[in-house]
Amino acid sequence: MRRLFFPFLTVLCLIAPVSGGFAQISASSADFDTQTITLALTQEPPQLNSMKATDQVSALILGHVMEGLLSYDRRGKIIPGVAEKWEINSTGATFWLRKDARWSDGKPVTADDFLFAWQTALKPETASEYSFILYSIENAEDINKGKKPTDSLAVTVVDDHTLTVKFETPIGYFDKLVAFTTFFPARRDFFEARGDSYGADAKDLLFNGPFRMTDWVHSASLKMVKNEHYWDRDNIHLNAINADYITEDSRARLNLYIDGKIVHTRLDGETYKDALTQRQRIRSFTTGSVFYLEYNFRKGRVTTNRNLRKAIQHVFDPEEFVNKVLATPGNLPGRSLFPVWLGGVEDKFRSEYKAAEPKIDLALARDYLEKAKVELGVEKIPPLVLLVGNSPTSAKQAEYLQGVFKEKLDIDVKIDIQTFKQRLAKMTSGDFDMVAAGWGPDFDDIMTFGDLFASWNLNNRGRYNNPDYDRLVRIGMTSADPKTRMDAMGELQRILTEDAVIIPQYEQGVIYLMHPKVKGVVRRVVGADPDFRRARIVK
Amino acid sequence: MLAYTLKRLLAGVVTVWFIATATFIAMHSVPGDPLMNDKAVTAEIRANLEKKYGLDKSGPEQYLIFMSNMLRGDFGISFTQQNRKVNDIIRDHFPVSATLGLLAVFFAAIGGIVWGALTAIYRNRLPDIIIMFLVILGISVPSFVFAALGQLSLVKINQLLGSSVIPVAGWGTFGHMLVPSLVLGLGTMALLTRLMRSSMLEVVNEDYIKTAKAKGLSPIRIFFKHQLRNAILPVLTVLGPQIAAITTGGFVVELVFAIPGLGRYFVQAVQQLDYTVIMGTTVFYGAFLVFMVILVDIIYGFVDPRVRLQ
């Protein structure tokens with residue numbers, strides 16, 4: 001026996017110090033004296049190079065450690081960031097940068113840092129997935145496609161603190177765009193010194209936001225402390241944000257919350273019940289994302305038939321779907337592609353342009369169905385393939401739809417459950433009749449949703465093609481007049497319902513727990529969410 | 001002995017090559033690819049990405065490039081964590097999984113041998129029945145149930161004590177490792193107990209035990225020197241592959257206890273179709289498993305004098 005175990009002990013002793021480099025965990029999740037909070041991340045941030053980041057966890061971290069020319073306030077309105085003043089007209093924009101904006105090494109943030117970051121994001125070699133978001137700048141698209149050199153980008157550094165931008169076509173929401181991650185600055189000398197490893201570790205990044213990252217142990221922890229060089233440091237109350245845990249498991253996070261180790265956790269259908277029995281105060285928030293059923297409009301698909309789509313529209317009840325199938329608080333019944341939070345001309349878009357609510361009317365639906373059968377020349381609608389993701393909730397939702405279709409319209413539904421990448425592959429190749437899809441906003445303007453079903457949009461995976469729709473999208477994208485834009489989007493919303501292009505299911509809500517002593521946390525539909533930048537801990 | 005070892009190592013290399021090739025083919029046959037994401041990208045951006053990752057080349061070309069890089073010990077850059085080399089991922093996270101795994105095997109081996117010997121001694125009596133009942137539980141209940149239960153118990157214990165004595169999740173100190181490694185080792189412990197029990201029962205009727213008894217040796221000496229040592233051999237055989245299996249199979253435990261191990265990368269890479277990480281982790285784990293099996297075979301020769309390797 002001695003022989004057997006000795007090697008184990010030896011190896012253990014050898015390995016233990018190697019893995020012992022992981023940071024110590026702080027005592028309390030919200031410490032008043034040190035103004036320190038502890039969090040759990042759902043995953044390791046995959047990409048902290050702001051020019052290339054695409055996901056929410058990276059956006060969360062970058063939103064705390066970086067700052068763009070403009071930013072959002074707690075109500076989601078655009079406020080000054082690095083730029084203290086700006087002017088935007090139909091041909092271009094000018095930004096005046098504040099003189100006290102500094103990088104975490106103390107050097108000033110200059111206009112060139114923005115020019116450099118935007119050029120880098122557009123370089124074909126960078127292969128940034130979000131480079132398209134810069135396309136409103138003159139020559140940006142050509143640079144990205146390798147047709148023009150990067151220095152042809154129509155952005156001019158007038159002096160260290162003035163930046164002018166020329167537009168490719170007029171754009172009504174450039175101020176919202178520059179608050180987005182891809183528009184964050186990067187400093188030329190630092191970036192070039194780091195080369196390929198830029199963003200790989202805490203030491204391979206330079207920060208200009210309210211916090212700076214001091215420590216990043218991959219898949220284990222990530223620490224941020226207040227950036228003493230940040231221009232508005234006097235209004236930042238937290239001294240440190242420690243992401244000490246990284247796990248996707250929502251139950252593990254709930255356990256950590258109950259054990260007083262983290263200040264915030266998001267709940268799902270399962271952990272919601274546990275949190276209720278634990279008598280936790282559950283809060284809810286609408287994420288701004290919309291979920292809907294998308295049809296396949298490719299030739300030969302029965303779903304190209306409008307009457308069939310109308311029949312489905314009149315039996316699907318979003319209210320029932322939200323209450324009985326999703327069955328967690330916070331979700332809103334889907335009525336439109338445009339979620340309720342989007343701004344319109346003066347007020348919210350949805351209160352200015354009401355979305356039609358198709359009646360749940362079985363007789364009407366069957367009427368449409370009969371017409372569809374005649375047009376398609378069939379006795380019975382062939383089985384429809386419903387493509388969904390592989391989460392437990394997707395399966396539940398798909399089964400509900402299967403029941404509704406069978407019971408109300410006698411249409412058989414074949415559920416095709418696929419993992420993330422396979423579902424995307426099938427969506428792209430058009431291997432479905434209906435697909436459960438969703439969309440989250442990139443920036444706070446109606447066009448982040450509006451152009452989704454334009455014929456040229458690659459995310460229009462059902463290939464809906466309607467010249468009227470395309471025309472309205474162009475107005476929305478290029479007009480500078482809010483009323484003209486919103487009228488176009490109002491009309492577009494009408495087409496979506498009238499033509500039953502999609503079946504809106506719900507506007508996503510999340511339920512979460514937040515430490516009662518942590519105040520001033522902002523939940524956002526775009527940008528870093530949850531936003532702890534202006535948070536503080538009360539006694 | 002040397003020739004035997006060399007022969008086994010050569011066979012091992014062929015096995016690893018086979019694993020790598022099979023994984024490569026399987027991975028590329030799955031619909032979708034690592035560059036596909038929630039938001040669709042234009043043909044130009046797509047082309048830029050393909051060029052950057054060498055996916056613009058044909059399948060056989062990609063295979064050759066992969067193989068020649070692998071021989072030089074380079075698995076490339078991860079697709080999902082675009083700034084990290086797969087080698088760095090393995091180097092950073094395997095020690096964590098290995099620590100957890102070895103501790104788990106340590107618990108499993110001690111538990112398995114002790115319980116197994118006990119059940120054999122108390123054969124068909126109450127301790128035997130109780131332990132064997134627990135063994136069935138240990139084998140049939142999946143580790144995520146134990147993991148969730150283990151963590152929940154920690155929360156309850158901490159609530160009772162009014163302060164968090166044992167960390168609920170995370171990594172860094174021995175306290176963090178204790179419960180996860182116990183949970184991870186339970187299945188193996190159950191397996192080893194059963195193996196040890198049958199092995200002990202087999203040995204107890206052997207002639208040499210009777211001889212030892214006839215010689216008048218003390219029961220304790222017989223137990224340790226003759227019975228246990230002989231009975232332990234089959235346990236040793238499965239221990240090698242079990243170490244590999246436990247070290248690589250800690251995905252669920254790593255997830256629940258927020259442990260930064262390699263198991264998470266191993267599983268998530270498949271979900272993300274992160275080609276380079278799939279290849280890196282599979283080949284690495286494959287080589288590790290093969291190596292453990294060979295190692296056990298060689299150790300066997302030392303433990304059991306009857307086995308003379310040729």
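Hi everyone, and thanks for coming. Please keep in mind that what you see is a predicted model.

Let's begin with chain A as a whole. Chain A has 17 helices and 20 strands. Taken along the principal axes, its C-alpha atoms fill a box of roughly 75 × 70 × 50 Å. How does its radius of gyration sit with that of a compact globule? For 539 residues, such a globule would come out near 24 Å, and chain A has 25 Å, so the two agree. As for burial, 49% of the 539 residues of chain A count as buried.

Now to the place where the chains meet. Here 56 residues of chain A are in contact with 51 residues of chain B. Which elements of chain A give two or more residues to that side? They are α1 (2–19), β11 (240–246), α7 (250–258) and α14 (420–429). Of these, α1(A) gives the most, with nine residues.

Next, a helix I'd like you to find in chain A: α16, residues 467–478. Its 12 residues reach 17 Å from the first C-alpha to the last, close to the 16 Å expected at 1.5 Å a residue. Which of its residues are buried? They are A:Tyr469, A:Leu472, A:Val473, A:Gly476 and A:Met477. These five cover an arc of only 135° around the axis, and therefore lie on the same side of α16(A). Turn to the face pointing away from the buried side, and you will find the exposed residues A:Pro467 and A:Asp468.

Finally, let's hop over to chain B and look at helix α8, residues 207–214. How many of its eight residues are buried? The count is zero, so to speak a helix that is hardly covered. After α8(B) comes B:Gly216, whose phi is positive, near 85°.

That's my tour, and I'm happy to take questions.

Note on methods
Residues are numbered from 1 along each chain as its sequence is written. Chains are lettered from A and ligands numbered from 1 in the order in which they are written. This is a predicted model: local features need pLDDT of at least 70, side-chain atom pairs count only at pLDDT 80 or more; totals for chains, interfaces and linings use all residues. A residue is buried if 20 or more other C-beta atoms lie within 10 Å of its own, exposed if 12 or fewer, and partly exposed in between; C-beta atoms are placed from the backbone. Helices (H or I, at least four residues) and strands (E, at least two) are DSSP runs, numbered from the N terminus. Two residues are in contact if their C-beta atoms, placed from the backbone, lie within 7 Å. The radius of gyration is taken over C-alpha atoms; the globule rule is 2.2 Å times the number of residues to the power 0.38. The expected span of a helix is 1.5 Å times one less than its number of residues. The arc is that of the directions from the helix axis to the C-beta atoms.
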